[in-house]
Amino acid sequence: MNVLRDVGWVPSLPDQWMRADGQVFAVIEEHEHANAEIPAAIQEQIIRAAWCGASAHYLGAGLEQGVPGLEPYRRCRARFKRQGWHGRAAALDVIVCGGVWIGDRAAVTPEGRQMSNACARCGAATESAFHRYYGCPSLRDLQDEYGDIAGTAWLVQRARDSWDRWPCL
Ligand SMILES: [Zn+2]
């Protein structure tokens with residue numbers, strides 16, 4: 001019952017639950033097959049709630065809109081694993097989870113000490129997440145044996161246009 005409340009469902013009658021939007025969803029019936037859709041709906045709500053919670057974390061804004069498409073990440077990760085590049089696969093996991101300490105994020109220590117937030121690749125005075133992933137001119141100099149960087153160059157302008165609203169992308 002607490003799990004259902006955590007995802008916003010409220011009991012309106014002993015055999016009936018309402019979603020957070022006020023619509024009656026689950027009417028619990030006696031026959032077990034009549035209730036089969038309820039666990040799937042609960043799972044969907046839990047997943048949505050988890051992504052909504054993730055939107056409050058570093059580079060998470062936009063995740064409150066719904067479950068992101070992670071298929072490109074999964075394909076890239078699987079390719080890294082197949083090729084034995086386990087370090088690259090682990091680095092990709094950290095990036096997708098927003099766990100990278102980029103210059104402007106790491107510039108102030110918990111003790112308040114100011115660190116350099118310059119880009120280690122090109123020397124720009126401030127390294128933002130956008131700079132790290134899309135804007136750094138040194139990205140052109142990286143080894144791109146499979147054309148991943150060149151093949152996703154079209155995303156740069158799109159990321160620039162939507163960065164304020166969708167840094168999760
Ligand atoms: Zn740079």
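Predicted model: local features only at pLDDT ≥ 70, side-chain atom pairs only at ≥ 80, totals over all residues.
I started with the order of elements: from the N terminus, the protein chain goes α-β-β-β-α-α-α-α-α-α-α. That comes to eight helices and three strands.

Next I looked up the overall spread. The radius of gyration of the protein chain comes out at 22 Å, well over the 15 Å that the globule rule gives for 169 residues, so the chain is more spread out than a compact globule. I also checked the box along the principal axes, and the C-alpha atoms fill roughly 65 × 40 × 30 Å.

Then burial. I find that 7% of the 169 residues in the protein chain count as buried. For contacts, I took pairs at least 6 apart in sequence, and 32% of these join residues at least 24 apart.

Last, I went to one helix pair, α3 (residues 71-82) and α4 (residues 86-96). Their axes are 7 Å apart and they pack at an angle of about 160 degrees. Angles over 145 count as roughly antiparallel, so I log α3 as roughly antiparallel to α4. I noted the handedness too: α3 and α4 make a left-handed crossing.

Which residues of α3 and α4 meet? From α3 I list Tyr 73, Cys 76, Arg 77, Phe 80 and Lys 81. Facing them from α4 I have His 86, Arg 88, Ala 89, Leu 92 and Val 96.

Technical notes: Residues numbered from 1 in each chain as written. Helix = DSSP H or I, 4+ residues; strand = E, 2+ residues; numbered from the N terminus. Rg over C-alpha atoms; globule rule 2.2 N^0.38 Å. Buried ≥ 20, exposed ≤ 12 C-beta atoms within 10 Å, placed from the backbone. Contact = placed C-beta atoms within 7 Å. Axes fitted to C-alpha atoms, helices over the stretch in contact; angles between N-to-C directions. Parallel < 35°, antiparallel > 145°, perpendicular 65-115°, else oblique. Left-handed = near helix turned anticlockwise from the far one by under 90°.
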